[in-house]
Amino acid sequence: MSAEVFMGLVAVIAIYVLSSPFFKKKNGRVEDEQDKFDDRKEQAFLQLSELEYDYQMEKINEQDYLEMKNKLTLEAAKYVSHSKDDITEIEKMVDNEIRLALEKGCVK
């Protein structure tokens with residue numbers, strides 16, 4: 001009977017080892033935080049791209065466009081690494097990100 005118990009134990013261990021990769025969560029909090037950061041960054045630039053698209057398609061007026069762009073630019077600036085706090089430089093980077101997103105066709 002001990003051989004049967006041993007074989008059962010080996011089978012349980014084998015099943016655990018083979019199935020464990022399918023049930024593991026991400027390795028720690030750092031990856032989760034990075035994923036959240038990346039999602040928020042992508043969302044910020046996507047909103048800017050959509051705003052730019054709507055403005056180019058004349059769906060919104062210039063005043064609303066400028067107000068929303070300033071607000072969204074400040075939000076997106078949080079996700080851009082920069083060496084100085086010059087808002088003009090940040091706007092250039094954001095505009096470049098918008099242009100790249102529009103070229104990739106991210107906005108419908």
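## Overall architecture

The predicted model contains four helices and zero strands. Read along the sequence, the order of elements is α-α-α-α. Helix 2 covers residues 28-56 and helix 3 covers residues 62-77, while helix 4 covers residues 87-104.

Of the 108 residues in the protein, 19% are buried. Among contacts with a sequence separation of 6 or more, 56% are made by residues 24 or more positions apart.

## The nonpolar core

The largest nonpolar core comprises 13 residues, and the members that touch the most others are F45, L48, A76 and V94. Helix 2, helix 3 and helix 4 each supply at least two residues of this core.

Leaving aside neighbours within four places in sequence, F45 is in contact with A76, Y79, V80, V94 and E97. Two of these partners, A76 and V94, are themselves among the core residues that touch the most other members.

L46 belongs to helix 2. L46 is partly exposed, because its relative accessibility is 26%, a value that falls between the 20% and 50% cut-offs. L46 and E97 are separated by 51 residues in sequence, and their C-alpha atoms lie 9.3 Å apart in space.

K69 is located in helix 3. Is this lysine buried or exposed? K69 counts as buried, because its relative accessibility is 17% and the cut-off for burial is under 20%. Not counting residues up to four places away in sequence, K69 touches L48, L51 and D95. One of these contacts, L48, is also one of the residues that touch the most other members of the largest nonpolar core.

The contact between K69 and D95 includes a salt bridge between their side chains, with an N to O distance of 2.9 Å. D95 lies in helix 4 and K69 in helix 3, so this pair ties together parts of the protein that are 26 residues apart in sequence. The two partners fall into separate accessibility classes: D95 is partly exposed at 31% relative accessible area, whereas K69 is buried at 17%.

## Other salt bridges

How many salt bridges does the model contain? The count comes to three. Besides the bridge between K69 and D95, the model has a bridge between K78 and E75, whose closest N and O atoms are 3.1 Å apart. K78 counts as exposed at 58% relative accessibility, and E75 counts as partly exposed at 28%.

A further bridge joins the side chains of E103 and R99, at 2.8 Å from N to O. Both residues lie in helix 4, four residues apart, which is about one turn of the helix. E103 is exposed, with a relative accessible area of 55%, and R99 is partly exposed at 39% relative accessibility.

## The aromatic pair

A search of the whole structure finds one aromatic pair. Its members are Y55 and Y65, which are stacked, with 3.9 Å between ring centres and 10° between the planes. Y55 lies in helix 2 and Y65 in helix 3, so the pair ties together parts that are 10 residues apart in sequence. Y55 is partly exposed, with a relative accessible area of 24%, while Y65 counts as buried at 6% relative accessibility.

## A positive phi at E58

E58 is found in the loop between helix 2 and helix 3. Its phi is near 60°, a positive value in a residue other than glycine. Most residues other than glycine have a negative phi. E58 counts as exposed because its relative accessibility is 72%, and the cut-off for exposure is over 50%.

Conventions:
Residues are numbered from 1 along each chain as its sequence is written. This is a predicted model: local features need pLDDT of at least 70, side-chain atom pairs count only at pLDDT 80 or more; totals for chains, interfaces and linings use all residues. Side-chain values use heavy atoms; hydrogens and water are left out. Buried means under 20% relative accessible area, exposed over 50%, partly exposed in between (1.4 Å probe, protein chains only). Contact means heavy atoms within 4.5 Å. A nonpolar core is a set of buried Ala, Val, Leu, Ile, Met, Phe, Trp, Tyr and Cys residues joined through side-chain atoms within 4.5 Å. A salt bridge is a side-chain nitrogen of Lys or Arg within 4 Å of a carboxyl oxygen of Asp or Glu. Rings of Phe, Tyr and Trp (its six-membered ring) pair if their centres lie within 6.5 Å; planes under 30 degrees apart count as stacked, over 60 as edge-to-face and the rest as tilted.
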